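User: I want to see how labels follow from cut-offs. Can we take some terms one by one?

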Amino acid sequence: MSDVKSLVQSYIKDNTIMVFSKSYCPYCRRVKDLFTKLGLTYKVIELDQVDQGSDIQNYLAELTKQRTVPNVFVKGKHIGGCTETMEANKSGYLTTLLNN
C-alpha cells in the first residue's frame with residue numbers, strides 16, 4: 001500500500017489539476033469536459049484501466065473520505081467530486097485556486 005500512497009501523492013503534487021476517474025462514469029466525463037472547455041491542462045488516471053485502480057481508490061477514500069469518482073485535486077487541494085467541482089467553477093473558487 002505504501003507504493004500506492006507514494007504514487008497518489010506524487011500525482012497530486014506533480015499536477016496542477018489531478019482527476020481520479022473511471023472511463024465509463026458520466027460524472028467524470030462532465031468534469032473532464034469542463035476542464036477541456038476552460039482550456040485547462042489536467043492529468044487523469046482512469047481507475048478502471050490501471051492495474052492498481054482499486055488500491056488507488058481505497059487509498060483516496062482513506063485520504064479524502066470520498067469513495068466516489070471523480071476525485072478532483074487542484075494545486076494539491078482536494079476539491080471533491082463532480083458537484084463540488086462544478087460549484088467551484090461557478091463560484092469562481094476554481095479560478096482563485098488556480099491563480100494562487
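User: Why is cysteine 28 called buried?
Analyst: Buried means under 20% relative accessible area, exposed over 50%, and partly exposed in between, with a 1.4 Å probe and protein chains only. Cysteine 28 has 0%, so it counts as buried. This is a predicted model: local features need pLDDT of at least 70, side-chain atom pairs count only at pLDDT 80 or more, and totals for chains, interfaces and linings use all residues. Residues are numbered from 1 along each chain as its sequence is written, and side-chain values use heavy atoms, without hydrogens and water.

User: How do you know that cysteine 28 is in no disulfide?
Analyst: A disulfide is a pair of cysteine sulfur atoms within 2.5 Å. The structure holds zero disulfides. For cysteine 28, the nearest cysteine sulfur belongs to cysteine 25, 3.1 Å away.

User: What makes a set of residues a nonpolar core?
Analyst: Its members are buried Ala, Val, Leu, Ile, Met, Phe, Trp, Tyr and Cys residues, joined through side-chain atoms within 4.5 Å. The largest one here has 14 residues; Val8, Phe20 and Ile56 touch the most other members. A second, separate core has twelve residues, including Phe35 and Leu97.

User: Which residues is valine 8 in contact with, leaving aside neighbours within four places in sequence?
Analyst: Phe20, Ile56, Tyr59 and Leu60. Contact means heavy atoms within 4.5 Å.
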